[in-house]
Amino acid sequence: MSETPGGPEPSGPQCDVVEVRHHAKKKLMQILERARADSTYMLFSRRDIIELFSSFLSLQELREAGVGKFFDLLPAPYIEKPESGSLALIYVIHDQDERALKDFVAHYRSHELSGLDKSAEYHLLIFPARSATMEQILEQECLFGTVTIHILPLLLVAIDQDLLTMDLRHSFRSCYLHRDPAIEWSVAHAIDLLERLYGRIPVIVGKGDLGFAVCAAVKERRHALDSSLERPSNTQFVSSDSLAKLVDAASNNASASPIHSKAGDTAALAAIDKMVIVDRSVDLLTPLLTQFTYEGALDEVVGIRLNTLKVEKNILFGERSRQAQRVKIDFLTIPLTSSDPLFCSIRDLNFGVLCPYIAARRQRTLQTLESVDDAETISQLRKLMSAMRVMEQENRTLPAHDHLVERLSKELSDEHRLRLHDLELRYVAGDAPTLEELLACMERPTSAGRALALAGIHSLTRGMTQEEVDEVEAKVLSEFGWRYALAIPRMVESGLLRVCESQAALQSAQRAYARTSNKFNLITKCEYSNPADISYAYNDYAPLSVRIASLFCSDAWKGKLQYLKELPGDEFELRDEDAVMESNWWLNLLPSGSASAASTTTPSSGSPPGASTAASPAKGLVSASSSSSLWQRRSSIPTRRPTIAVVFIGGVTRAEISAIRWAAQHKLRADVRIITTDIITGPNLCHNVATVEPINPS
C-alpha cells in the first residue's frame, strides 16, 4: 500500500462510514422484525425514500426481512386481502411530510370501505424523529391507537466514503426563515450518534450562532452522560466573549502544567480527532454562485439526488424524441460515488479542463485496443489483456460521462449563461455592476431561482437600498408572476438579501465585503489544470466557508480571531481535556512553515519527541514538559492521519465539498469527513426560500 500523501499510512482507530450504515440498517431491521407478518408490504410516500434506504440496505435484504412487495403511496395501489395468514402494511413517511400523512389517512379510509382494515395491521414508519404535528393529525383522525408508530432515527445517511447527509431538504429555510429549533436538535443528536459510534470528539470548534447553540446542546448531553456514569466531567465550553483572553493567556503561558487523562477512558479510542461546525449564515454568498466543478455543474444543470443521477436515455444519448418513440420514458440511473474510479477522478475537476481530460482518456483507451495487433508473444498478450481488464473496470461509465460532459458544455457555453457568469465574477471581484445590468440579466430565459440568486449576490457584495429592493421586487413579479410575490421579503428575512437604510450604510457594506475579501484572500488566480488553491472550484473565487473551515481545522483561527469577529455569529470551542491528550494526532495539522506549527520531523518508534529535532507543539495545547509522557503512553498505538469532521448547518454545495477535499489533500494533511444538513444549489436554495414547493433543476 502506498503512503497517503501528506502523512503516514492510516491505521489505528478509523472513522469508517460503514459504521453509520450498519447502525441505520440495524435500526430498520429491528422495526421490520416487530412488524413482520405472513404478508408484509411497504408503501413509500416518495420514490426517493427507496433511494435513501438503498444507501445502507439492498432490496434483497428487505425481502429477506420479510417484505414481500413494495408500492408507491400515490397513486394508491390496489391491495388484495390475503386468503390466509396475517397482512402488515408499513407506510414509510418523512416526519416533515404532512401531505404524505394525509394521503395515508385517505388510503386507510378507502380500506375501511373495502373491509381490508379488519384483516390488516397498519404501521407508520416515521423518520428521522417523532413529529408532534403528525401525532396531532392522527389523533384528529381517530387513528392514534389504531396505527402502530415506529420511529427510525435516520439521523445520518452515508452517501459516500467521506460524505454524510442528514437529508433535511429544506434545512436552510427552516433555520433562517422559520427559525425552527428542530434543526439544532437534529444536528446535536447526529453528533451524539457519531460520538456513540466513534468515541468522544476531543475538540469541537466553529463559527455561527446556530453552531454555538448546537455546541451548547452537545455540552449538556455530555454532562448528562457523565453524571449518569458517575464520572466527573472535564468538558470546557469557551465562547467568543472569553476566547480572546484565553488565546493571549495561552501565548504567554506556553509551559503550562500538563493535563493528564484517565487511563481506560473511552475517549482514547476516538476516531474523530476534531470537529468543525460552520453556519451557513457565516457565508451566504458562496452557495448563490455558479459552481464550476464537474459534480457541481451536474447538480445545477441536471440534478443529483443522494449521489445518484437519473436522466432520460433519449436525452443522454440523443435518441429520437419522446413523441416519435411513443413508448414509456426510459431512465438511466448513474451512481456518482467514489466506487466509480472514473467519476472519482473527475468529480472535483474544474469543468474547463474536463473536456480535454475525457478526450485524453478516450484516446488512451483506443491506443490500448490498437496495440493488440502489436503483441508478439504470449507474455505481452497476457500483460495487454490484464491492462484491458483494468481499463474496462475504470472506464465502464465513460460513455455516460462523455455524453453528460457534452450536454453540460452546450448548456454552460450558451451566450446567456456566459453573460450571467461574467456578471457574478465581476461582483465577487469587487467591480461595480450597475442595478440596470442586474435587472437586464434577471430577464428570461434566466430561471427564477438564478435571478433571485443574482439579486442576492448584488446585495451581499455591494449592498442594496430600499429603492433598489423595490425595483428588483417589481422585476421579479413582472418576469415570474404572482407565485413569487413574497420572494424578496422572504429573502430579506432569511439574510440572502440585505437592505441598507442609508447611503452611508451602503458604503459600509461595500467596504465590509472588500475587507473580508482581502483578509481571507478570496480572489485568487490559479491554474485550473493544476490548481494551487481552492479558488479553482468557483473560477478564481475561494469559498469563504471553506477558508473558515480550513482555519479551524489547522488551529490557525486563533491568530485571525479579529477578522473572524467581523463575520456574523460567535466563535466557540468545546474541549474535552481528557480526550484531547489521548487523541492529539490533529496537533500535527498546522501547515509546515507556520510560526505556531510543530516540527515536521517525526521521532522514531520508542523515542520521545524530545530526542528528535522537533519543535514544541502548538501553544496552549500540549506543553513541552508533557511531550515525553505523552509519547510513552502512545508508543504502542499505531499512527494515522488525523480525521476531522466538518459540519455544515444549512447546507453545502458540491463545489464546496470539492474544495474541502482539495484542501484536505494538499493543505491540511488530514482525512476529512463532510457532514451536512442538506446539499444545495443557488437556484434551488433561493426558490425554496421564496416559495413553498421545491423544483427540479433546469
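**Exercise 1. Work out which elements make up the β-α-β unit that ends in S15, and what handedness the unit has.**

Step 1: S14, helix H27 (residues 654-668) and S15 form a right-handed β-α-β unit. Right-handed says that, with the strands pointing away from the viewer, the path from the first strand over the helix to the second runs clockwise. Helices (H or I, at least four residues) and strands (E, at least two) are DSSP runs, numbered from the N terminus.

Before going on, a word on the source: this is a predicted model, in which local features need pLDDT of at least 70 and side-chain atom pairs count only at pLDDT 80 or more, while totals for chains, interfaces and linings use all residues. Residues are numbered from 1 along each chain as its sequence is written, and side-chain values use heavy atoms, with hydrogens and water left out.

Step 2: Strand S14 (residues 643-649) runs parallel to S15, and 6 bridges join them; two strands pair if DSSP finds at least two bridges between them. Phenylalanine 648 has threonine 676 as its bridge partner in S15.

Step 3: Strand S7 (residues 163-165) is also parallel to S15, joined by 3 bridges. Here leucine 163 has isoleucine 674 as its partner.

**Exercise 2. Find which residues of S15 point each way, and decide whether they are buried or exposed.**

Step 1: In a regular strand the side chains alternate between the two faces of the sheet.

Step 2: Asp671, Arg673 and Ile675 point one way, and Val672, Ile674 and Thr676 the other.

Step 3: In S15 (residues 671-676), 6 of 6 residues are buried, where buried means under 20% relative accessible area, exposed over 50% and partly exposed in between (1.4 Å probe, protein chains only).

**Exercise 3. Follow the chain past S15 and describe the setting of threonine 681.**

Step 1: Threonine 681 sits in the loop between S15 and helix H28 (682-690).

Step 2: Its relative accessible area is 6%, so threonine 681 is buried.

Step 3: Leaving aside neighbours within four places in sequence, threonine 681 is in contact (heavy atoms within 4.5 Å) with Pro287, Gln291, Asp299 and Glu300.

**Exercise 4. Give the strand order of the open sheet of 5 strands, and name its edges.**

Step 1: The order is S2-S1-S3-S4-S5, with parallel pairing.

Step 2: Strand S2 (67-72) and strand S5 (148-151) are the edges, each pairing on one side only.

Step 3: From one strand to the next, the twist averages 25°. Axes are lines fitted to C-alpha atoms, for helices over the stretch in contact, and angles run from 0 to 180 degrees between N-to-C directions.

Step 4: Helix H1 (residues 18-34) packs on this sheet and touches S1, S2, strand S3 (87-94), strand S4 (120-127) and S5, its direction making about 165° with that of S5.

Step 5: Helix H4 (residues 98-114) lies across S1, S3 and S4, at about 160° to S3.

Step 6: Methionine 42 is opposite phenylalanine 70 in S2.
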